Amino acid sequence: SPSRPIVSLSGVAKRYAKVSALERIDFELFPGEVMGLFGHNGAGKTTIMKLILGIIPASDGQVKVFGQDPLSKQAFEARKQVGYLPENVSFYDQLTGREVLRYFARLKSVPKQAIEQLLEQVGLTHAMDRQVKTYSKGMRQRLGLAQAFLGSPKLLLLDEPTVGLDPIATQEFYASVDKLKSEGASIILCSHVLPGVEQHIDRALIISGGRLLAKGSLSELRQQAQLPVAIKTQG
Ligand code: ATP
């Protein structure tokens, strides 16, 4: 693609004290793309998210988000363009869905006018005035997605968003992701499993033990050797 990448990592390494979490990671995410980041637990997926969010420094190499080092002062505006849905998001159960989004909208200085449309996009209009404690796990994840998308960030980072969801809830979640993609969001989606995710991604990275095992479209990846069985046996 000729356009400037939204995210680029080149030669990135991360060490936590004695643990080497990432080594020589290179990839780019271009505008409008949904990239799947696959790997087993401990492969380094969350570490990549934290580097992109600018909450930890790389030990080596360069991380660029919207063309800037996400840890630099100049990246102040760029950081607001990044939405993050962590693994196992939790909410104040006493609040309604609408109140949760109002609360986060205030924290992010996002006008509350956006809230009802967001609730519609994630299929929660019918439940917006119910307390979150009455929500299913799938509804909570979709509320988390709406929270991450407050302010229409240009980049969305989703960490294992459908763990523990049944197939229908998983499909409902990705239907909402597809809507946000059509609004122009570029997305990085971490997962340790492929089923349910593959129709919704344009490209994939596979990491193992902190190293990049493969990258490309799913059809390109399936033709490669040494890939985890879970990925090769799909489709
Ligand atoms: P999971 O899905 O289990 O979170 P992951 O692919 O996201 O896995 P990371 O959380 O990025 O993996 O962890 C990569 C490696 O770095 C693991 O070996 C982990 O134990 C280690 N690690 C992560 N965070 C820290 C930390 N703060 N201090 C020390 N080691 C860490």
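This is a predicted model: local features need pLDDT of at least 70, side-chain atom pairs count only at pLDDT 80 or more; totals for chains, interfaces and linings use all residues.
Strands of a sheet pair through backbone hydrogen bonds, in either a parallel or an antiparallel manner. Strand E3 (residues 34-38) and strand E8 (residues 203-208) run parallel and are joined by four bridges. Within this pairing, Leu37 has Leu205 of E8 as its bridge partner.

Two helix pairs that share H5 were examined next. Packed helices are described by the angle between their axes and the distance between those axes. For helix H5 (residues 137-148) and helix H6 (residues 167-182), the axes come within 9 Å and cross at roughly 15°. Angles under 35 degrees count as roughly parallel, and H5 and H6 are therefore roughly parallel to each other. The crossing of H5 and H6 is right-handed. On the H5 side, the contact is made by Gly138, Gln141, Arg142 and Leu145. H6 contributes Ala169, Glu172, Phe173, Ser176, Val177 and Leu180. By residue class, the contact of H5 with H6 comprises five nonpolar, three polar and two charged residues.

H5 also packs with helix H3 (97-107). The axes of H3 and H5 are 10 Å apart, and the packing angle is about 25°. H3 and H5 are therefore likewise roughly parallel to each other, and H3 passes H5 in a right-handed crossing. The contact involves Gly97, Val100, Leu101 and Phe104 of H3, together with Leu143, Ala146 and Gln147 of H5. The residues in the contact of H3 with H5 divide into five nonpolar and two polar, with no charged residue.

Gln121 lies in helix H4. The relative accessibility of Gln121 is 9%, so this residue counts as buried, the cut-off being under 20%. With neighbours within four places in sequence left aside, Gln121 is in contact with Ser176, Lys179, Leu180 and Glu183. Of these, Ser176 and Leu180 also belong to the H6 side of the contact with H5. Gln121 and Ile168 are separated by 47 residues in sequence, and their C-alpha atoms are 17 Å apart in space.

Positive phi values in residues other than glycine were found at two serines. Phi of Ser109 is near 55°, and Ser109 is placed in the loop between H3 and helix H4 (115-121). The relative accessibility of Ser109 is 66%, so Ser109 counts as exposed. Phi of Ser152 is near 50°, and the position of Ser152 is in the loop between H5 and E6. At a relative accessibility of 44%, Ser152 counts as partly exposed, because this class lies between the limits of 20% and 50%.

Note on methods:
Residues are numbered from 1 along each chain as its sequence is written. Side-chain values use heavy atoms; hydrogens and water are left out. Two strands pair if DSSP finds at least two bridges between them. Axes are lines fitted to C-alpha atoms, for helices over the stretch in contact, and angles run from 0 to 180 degrees between N-to-C directions. Angles under 35 degrees count as roughly parallel, over 145 as roughly antiparallel, 65 to 115 as roughly perpendicular and the rest as oblique. A crossing is left-handed if the near helix is turned anticlockwise from the far one by less than a right angle, and right-handed if clockwise. Contact means heavy atoms within 4.5 Å. Ala, Val, Leu, Ile, Met, Phe, Trp, Tyr, Cys and Pro count as nonpolar, Asp, Glu, Lys and Arg as charged, and the others, Gly among them, as polar. Buried means under 20% relative accessible area, exposed over 50%, partly exposed in between (1.4 Å probe, protein chains only).
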